[in-house]
Amino acid sequence: QLQACGGGLVQAGGSLRLSCAASGPTFSNYAMGWFRQAPEKEREFVAAISWSGGSTYYADSVKGRFTISRDNAKNTVYLRMNSLKPEDTAVYYCAARLGASTNPDRYAYWGQGTQVTVSS
């Protein structure tokens, strides 16, 4: 199971850190991804990280502003979001699969989502 938290309301230019805690002993085997979905839009890729943390991937829209990281000892993946913009407003989901991917359809395991709202 995946449990995402850390969302909230923040002004444009502000920062948030999302966390996604995983249960189970095999967390370190899985690549992790963050996705987001705004109202009336499709779910889109935000960032992904390999099982070791050695490789990271970002959507162009967040590159340079967001940082994905993981702590396998704590079974947790993080998404640090800086310089937030109103267009970052969405429900953010974490997901897990064997092997990183930018395609949400390839992820088998999903958290429940956490709302991020950025006011202008």
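Guide: V118 counts as buried, because its relative accessibility is 6%, under the 20% cut-off. Bear in mind that this is a predicted model. V118 is part of strand β11, which covers residues 114-119. Leaving out residues up to four places away in sequence, V118 touches V10, Q11 and A12, along with L84, K85, P86, D88 and T89. P104 is another story: 14 residues separate P104 from V118 along the chain, and their C-alpha atoms are 23 Å apart.

Now to the loops. S83 sits in the loop between β8 and β9 (90-97). Its phi is positive, about 50 degrees, though S83 is not a glycine. Most residues other than glycine have a negative phi. At 41% relative accessibility, S83 counts as partly exposed. N75, in the loop between β7 and β8 (76-81), also has a positive phi, near 55 degrees, and is not a glycine either. N75 counts as buried, though, with a relative accessibility of 19%.

β7 and β8 belong to an open, antiparallel sheet of four strands, ordered β1-β3-β8-β7. β1 (2-5) and β7 (66-71) are the edge strands; each has a single partner, so one side of each has no neighbour in the sheet. From one strand to the next, the twist averages 15 degrees. At the β1 end, β1 pairs with β3 (residues 16-22) in the antiparallel sense, over four bridges, and L2 stands opposite A22 of β3.

Methods. Residues are numbered from 1 along each chain as its sequence is written. This is a predicted model: local features need pLDDT of at least 70, side-chain atom pairs count only at pLDDT 80 or more; totals for chains, interfaces and linings use all residues. Side-chain values use heavy atoms; hydrogens and water are left out. Two strands pair if DSSP finds at least two bridges between them. Helices (H or I, at least four residues) and strands (E, at least two) are DSSP runs, numbered from the N terminus. Axes are lines fitted to C-alpha atoms, for helices over the stretch in contact, and angles run from 0 to 180 degrees between N-to-C directions. Buried means under 20% relative accessible area, exposed over 50%, partly exposed in between (1.4 Å probe, protein chains only). Contact means heavy atoms within 4.5 Å.
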